[in-house]
Amino acid sequence: MLEQEGRVWFRRALSVARLNELDAAAPSEGKPGARIAALGGLEDVDALALQLLPGARPVRVVAFNKTEANNWTLPWHQDRVVALRERVETPGFTNWTNKAGIWHAEPPIELMDRMIFARIHLDPADTENGCLQLALGTHARGKIAAADAEAIANAAAIENCVAARSDVLFAKALILHRSSPSRTNAGRRAIRIDYCAEELPHPLEWAG
């Protein structure tokens with residue numbers, strides 16, 4: 001499922017105790033992508049990642065909380081940046097940006113092709129509160145220009161990532177995805193963890 005469609009689900013994957021730990025550690029304010037420098041309680045998710053990608057380790061953790069006050073929409077796109085400890089000009093690493101004090105760059109597409117991410121659902125997600133949508137199989141297309149993303153996504157099977165609290169989604173880093181605005185007042189919290197099994201070329205280091 002992961003290699004062919006670009007995603008795999010682990011339903012009801014986390015215990016109540018683990019979810020409570022994540023509730024306490026994750027930011028509660030509504031922000032579209034607040035980076036978490038350190039977060040405990042990820043051992044269960046790390047173990048699932050190792051089943052899918054031998055040697056995988058978390059290299060970035062980001063929290064989302066879509067609320068009535070902080071509502072957003074994203075068009076079809078690929079996430080093609082990684083978080084790095086510092087900026088060091090290195091062949092193949094381009095489009096450097098600094099977000100909230102953390103350096104990000106676009107690495108060689110071959111590295112992104114070998115990365116996966118996990119999405120932990122702390123609240124139920126459905127079409128009413130702007131759940132993630134995936135264009136299945138599009139990870140196999142490699143780097144997709146922004147101008148082509150919508151047409152390529154619409155030609156694929158689109159999945160609404162309807163999830164219950166404790167469901168964990170794993171997806172290939174390059175899969176096309178989007179998010180619609182929420183139409184409810186309830187928050188929709190999720191934690192995303194990027195995983196890679198490789199070291200970066202010296203002297204670059206992962207920020208996480």
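Predicted model: local features only at pLDDT ≥ 70, side-chain atom pairs only at ≥ 80, totals over all residues.
Two strands are taken to pair if DSSP finds at least two bridges between them. Strand β9 (residues 132-135) and strand β12 (residues 176-179) run antiparallel and are joined by 4 bridges. Within this pair, A135 of the chain stands opposite L176 in β12.

The two strands belong to an open sheet of 4 strands, in which the order is β4-β12-β9-β10 and the pairing is antiparallel. At the edges stand β4 (74-77) and β10 (158-160); each has a single partner strand, so one side of each is left without a neighbour in the sheet. From one strand to the next, the twist averages 15°. Packed on this sheet is helix α5 (residues 146-154), which touches β4, β9, β10 and β12 and whose direction makes about 80° with that of β4.

A closer look at α5 shows how the helix is oriented. Its buried residues are A149, I152 and A153. Seen down the axis of α5, these buried residues fall within an arc of 95°, so they line one face of the helix. As a general point, an α-helix has 3.6 residues a turn, so residues three or four places apart point the same way. The buried residues of α5 pack against β4, β9, β10 and β12, whereas A147, E150 and A151 are exposed on the face turned away from the buried side.

Helix α3 can be described in a similar manner. In α3, the residues V45, L48 and A49 are buried. They cover an arc of only 100° around the axis, which puts them on the same side of α3. The strands against which the buried residues of α3 pack are β1, β8, β11 and β13.

Neighbours within four places in sequence aside, V45 is in contact with L14, A118, I120, V168, F170, I193 and Y195. In soluble globular proteins, nonpolar side chains tend to be buried together.

Finally, the protein as a whole may be considered. It has 5 helices and 13 strands. Its radius of gyration is 16 Å, close to the 17 Å that the globule rule gives for 208 residues, so the protein is as compact as a globular protein of that length. The C-alpha trace spans about 45 × 40 × 35 Å along its principal axes. Of the 208 residues, 50% count as buried. Among contacts between residues at least 6 apart in sequence, 83% join residues at least 24 apart.

How values were computed. Residues numbered from 1 in each chain as written. Heavy atoms only, no water. Axes fitted to C-alpha atoms, helices over the stretch in contact; angles between N-to-C directions. Contact = heavy atoms within 4.5 Å. Buried < 20%, exposed > 50% of the residue type's maximum accessible area, 1.4 Å probe, protein only. Arc of directions from axis to C-beta. Rg over C-alpha atoms; globule rule 2.2 N^0.38 Å.
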